[in-house]
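Please look through the sequence and the structure below, and then read the notes that follow, which centre on one helix and its surroundings.

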Amino acid sequence: MTKIKEVVQVLERYAPPAYQESYDNALLQIGDPEATVTGVLLTLDCTLEVVQEAVDRGCNLIVAHHPVIFKPLKSLTGKTPVERILLKALQHQVAIFACHTNLDHVHNGVNAKLCEKLGILNPKVLSPKTQLLTKLETYVPLDDTEKVLDALHQAGAGQIGEYTDCSFRITGTGRFTPSAQANPHIGEPCKTEETIENKIEVIFPTFKQNQIMRALLKAHPYEEVAHYLVTLQNENQEVGAGMVGELEEALSPEELVRHVKEKLNIRTFRHTAWPQKPIKRVAVCGGAGSFLIRQAKAANADIFLTADLKYHEFFEATDQMALVDVGHYESEVYTKELFYDILTKSFPNFAVDLSYTDTNPVRHS
């Protein structure tokens, strides 16, 4: 029997909460993590109608992209839409989990799904984040090097893009004098010792530091493990906002309009004047993406497709790059399919359903 916390763990491994923005609230918002899952309903937004759909379909866990709770609640009396959603969910023992900007920021998250829908090939993170990586340096006897490296790799160190088990080593001489109270792996107390060691270096996501250090201390033979942890300024190419890639074939503006409408199943969208050239290189950001206009220009995108652009932001388009606003809901609704792909691979023993409730509050006449 699968518990709610196990579903949460799978989603948080895929999109670590450490990657969410400071204003965000991506987590299990209400519900008992120890409760057994009867079914999962996947949605972009959690509304009253979605909660009722979950009840009707026998699902006691809603997985949403947008959190219900963004700000602290001072009461729970049903006077606001958020309070009414929470009261209804509590009444029917339906848990609500949100996976928001952390899912936006991983390279196989929201924007990757949007690229997939639009047929954008070889997408890369448009604006990689920095200060998310740490380098570990430590010193290991030659005979124990592989054992320590294996433990570090198992704990999550040494993955760089599509490469795993990455490390660097250099051989040198270590020198130390154990005290009278020490129990040295090599040498004797109160006697200066020299031994050949490997200095090994690995890189890992900073949020994994505790598990990396536990693995190091458990696998390392020394009583006192000399090590250094260095926070890196390097961009993490796997984590960041937006994506950029290329269409299989360059399209004329007329062809692009038809392509976007067909692939995103929309009838209309806002845009600036089209560049006077075939459109092939496309940058995207699901949801509100105006903060990435400069990065899209720097990436030599022909168009930047996003949502929630304000009137004056459209003036930031150039002769070389058009701005396209398809709508917030329209750019992120396929996140439901992403959730489905993640969960059905791990949990074949209960229903995982896409919500059929249209939660888009915007109407066009």
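On one side of helix α8, Glu-254, Arg-258 and Glu-262 are exposed, where exposed means over 50% relative accessible area, buried under 20% and partly exposed in between, with a 1.4 Å probe and protein chains only. This is a predicted model, in which local features need pLDDT of at least 70 and side-chain atom pairs count only at pLDDT 80 or more, while totals for chains, interfaces and linings use all residues. Residues are numbered from 1 along each chain as its sequence is written, and side-chain values use heavy atoms, with hydrogens and water left out.

- Helix α8 runs over residues 253-264, and its twelve residues reach 16 Å from the first C-alpha to the last, close to the 16 Å expected at 1.5 Å a residue (the expected span being 1.5 Å times one less than the number of residues).
- The buried residues of α8 are Pro-253, Leu-256, Val-257, His-259, Val-260 and Leu-264; they lie on the same side of the helix because they cover an arc of only 165 degrees around the axis, taken from the directions from the helix axis to the C-beta atoms.
- Among the elements that cover these buried residues are α5 (110-118), β10 (235-251), β12 (279-288) and β13 (303-307).
- Helices (H or I, at least four residues) and strands (E, at least two) are DSSP runs, numbered from the N terminus.

**Packing of α5 against α8**

- The axes of α5 and α8 come within 9 Å and cross at roughly 120 degrees, and the two helices are therefore oblique to each other (angles under 35 degrees count as roughly parallel, over 145 as roughly antiparallel, 65 to 115 as roughly perpendicular and the rest as oblique).
- Leu-114, Lys-117 and Leu-118 of α5 make the contact with His-259, Val-260, Lys-263 and Leu-264 of α8, contact meaning heavy atoms within 4.5 Å.

**Residues with positive phi**

- Asn-265, which follows α8, has a positive phi near 55 degrees.
- Asn-122 is not a glycine, yet its phi is positive at about 50 degrees; it is placed in strand β5 (residues 120-130) and, at 65% relative accessibility, counts as exposed.
- Asp-308, also not a glycine, has a positive phi of about 60 degrees; it is placed in the loop between β13 and β14 (322-325) and counts as partly exposed at 37% relative accessibility.

**The protein as a whole**

- The protein has eleven helices and 15 strands, and buried residues make up 49% of its 365 residues.

Notes
Axes are lines fitted to C-alpha atoms, for helices over the stretch in contact, and angles run from 0 to 180 degrees between N-to-C directions.
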